[in-house]
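Take a look at the structure below. Keep it in view while you read the points that follow.

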Amino acid sequence: MNILCNGNKHSITEGMSIQDLFEELNLSPDSVVAEINRKIVQPDHYGQHKLKDGDQVELIRFVGGG
Amino acid sequence: MLTVNERPYPYRPGIRLGDLVSVLKPGADILVLNGAQAPADTLLQDGDICSLIKVGEIPSALEMERTLEARHSPEFQHYFRQATVGIMGLGGLGSAVALSLVKVGIGKLVLSDHDVVTLSNIHRQHYFIDQIGWKKTIALKKTLVRVNPFVAIKTLDLKLTEQSIPKLFGNVDVLVECFDNPKMKAAALRSTLQHLPGVGYVGASGLAGYDSGNTIVCKRIKPRVYIVGDRKTDVGTAGSLLAPRVGIAAHHQANQVIRLLLGIDEE
């Protein structure tokens, strides 16, 4: 199965959640805005939201400093 | 034709700089001709640009507005005067964005921060030593009204949350995210995308350290939604935030606010 993650093809395993994707990409979930198929996913749904083949995933990552 | 205090004034041969004072600014004590101070008996030439200054005088709202119109064009100033801009966080980014926008003459600024000024802020944020211990909202407002007393400034001395942002900034034209904390940066964008669909947005990510200023860019991520920064350099890895690079990011943000207010929505 493949998703499109920030415009790049990315292979995923069956049943993988957004949380799992964050762990694989070594991203801190709290500092990322996640959109699946142009819909924002709330952080408390990261564990339960399973990725599907063909999903378009946009991850906007923030780093600290202001 | 002469230009006197940013307004046209008819030229006549033989007119001297001092002649303008009694007509246009009685009591003026500093006279400036084409950018340099000049004596009152200086003969003027057609096309000269003159400023008549009463030291310490606060200009009227109309004088301020005419001056901004002369600098920015009446058309652009019309857009700026009508605009409301919200700024979330008044640190190195937010204090600089606010200062830049108050100079431009934005109609109304909504400034939010729950912090107080500390000595450790002074190296990059627009506060003064004698403001240490003050609420940032109060301290910054004091500075901003010295620059332009005719901008309406609303202060929100509170800690923003993902839930409260749409309630507090529902009426702004553009919202500027100037938080330090990456979790709040993400929360603010999420909240705006979900609940404030008509509001322009300018966030920031990646402005620490002393990497080339050229790596800081303003990226359009969606219609009317922009993120400024290099997207990777955080305080943890770069070690510190320095005034120059933070200032570059802040002014990128302020510039993007101006562009959005003028209806420009492209990188």
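The model is predicted.

**Chain B overall**

- Chain B has nine helices and twelve strands.
- The C-alpha trace of chain B spans about 65 × 40 × 35 Å along its principal axes.
- Chain B holds 267 residues, and 46% of them are buried.
- Take the contacts in chain B between residues at least 6 apart in sequence: 67% of these join residues at least 24 apart.

**Helix 2 and helix 3 of chain B**

- Helix 2 of chain B covers residues 61-72, and helix 3 of chain B covers residues 74-82.
- Their axes come within 7 Å and cross at roughly 125°.
- An angle of 65 to 115 degrees would count as roughly perpendicular, and one over 145 as roughly antiparallel.
- The crossing of helix 2 of chain B and helix 3 of chain B is right-handed.
- Helix 2 of chain B brings Glu65(B), Leu68(B), Glu69(B) and His72(B) to the contact. Helix 3 of chain B meets them with Pro74(B), Phe76(B), Gln77(B), Phe80(B) and Arg81(B).
- This contact of helix 2 of chain B with helix 3 of chain B has four nonpolar, two polar and three charged residues.

**Helix 4 and helix 5 of chain B**

- Helix 4 of chain B runs over residues 92-104, and helix 5 of chain B over residues 136-147.
- The two axes come within 9 Å and cross at roughly 25°.
- Angles under 35 degrees count as roughly parallel, so helix 4 of chain B is roughly parallel to helix 5 of chain B.
- Helix 4 of chain B passes helix 5 of chain B in a right-handed crossing.
- On helix 4 of chain B, the contact residues are Ser95(B), Ala98(B), Leu99(B), Val102(B) and Lys103(B). On helix 5 of chain B, they are Leu140(B), Thr143(B), Leu144(B) and Val147(B).
- The residues of this contact of helix 4 of chain B with helix 5 of chain B divide into six nonpolar, two polar and one charged.

**Cysteines**

- How many disulfides are there over all chains? The count is zero.
- Cys178(B) is in no disulfide. The nearest cysteine sulfur belongs to Cys218(B) and is 12 Å away. A disulfide needs two cysteine sulfur atoms within 2.5 Å.
- Is Cys178(B) buried or exposed? Cys178(B) is buried, because its relative accessible area is 2%.
- Cys5(A) also counts as buried, at 9% relative accessibility.

Conventions: Residues are numbered from 1 along each chain as its sequence is written. Chains are lettered from A and ligands numbered from 1 in the order in which they are written. This is a predicted model: local features need pLDDT of at least 70, side-chain atom pairs count only at pLDDT 80 or more; totals for chains, interfaces and linings use all residues. Side-chain values use heavy atoms; hydrogens and water are left out. Axes are lines fitted to C-alpha atoms, for helices over the stretch in contact, and angles run from 0 to 180 degrees between N-to-C directions. Helices (H or I, at least four residues) and strands (E, at least two) are DSSP runs, numbered from the N terminus. A crossing is left-handed if the near helix is turned anticlockwise from the far one by less than a right angle, and right-handed if clockwise. Contact means heavy atoms within 4.5 Å. Ala, Val, Leu, Ile, Met, Phe, Trp, Tyr, Cys and Pro count as nonpolar, Asp, Glu, Lys and Arg as charged, and the others, Gly among them, as polar. Buried means under 20% relative accessible area, exposed over 50%, partly exposed in between (1.4 Å probe, protein chains only).
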